[in-house]
Amino acid sequence: QALLEESGGGLVQAGGSLRLSCTGSLHTSQRTFSSYSMGWFRQAPGKERELVASISWNGRETYYPESMKGRFTISKDNAEEKLYLQMDILKPEDTAVYYCAAKKATLVVTTTNFDYWGQGTQVTVSS
């Protein structure tokens, strides 16, 4: 059974920064944390869940949708078994619940097709 848990969310003023973390109990008889591609998603009230960034299993390849480029940075520390999302120059429209997700894959994933999801952490950006 996989378990993902996000942390680091909170209230921040516009222009500020936050760093989200995600830890995962992704160990099975065949896989460990390092063998999963992962991603960050967000969902604002009344809107669909959208991809913020994704990363390959070894952290060497990343993907950002065009609308997310420039202010978000995803990283993966396989030794520490953690996924991070650095968010800078935050805007009120970044307010959402942010989720981490994992997929049994090695390549970076650019869709919402992930296998495991966390419960989310709330990020609120005040103007």
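Buried means under 20% relative accessible area, exposed over 50%, and partly exposed in between (1.4 Å probe, protein chains only). This is a predicted model, where local features need pLDDT of at least 70, side-chain atom pairs count only at pLDDT 80 or more, and totals for chains, interfaces and linings use all residues. Residues are numbered from 1 along each chain as its sequence is written, and side-chain values use heavy atoms, with hydrogens and water left out.

Q: Is Ser21 buried or exposed?
A: Ser21 sits in strand 3, strands being DSSP runs of E, at least two residues, numbered from the N terminus. Its relative accessibility comes to 15%, so Ser21 counts as buried.

Q: Which residues touch the most other members of the largest nonpolar core?
A: A nonpolar core is a set of buried Ala, Val, Leu, Ile, Met, Phe, Trp, Tyr and Cys residues joined through side-chain atoms within 4.5 Å. The largest one has 28 residues, and those touching the most other members are Met38, Trp40, Leu85, Met87 and Tyr98.

Q: Which strand gives the largest share of this core?
A: Strands 3 and 9 are among those that each supply at least two residues. The largest share, 4 residues, comes from strand 9.
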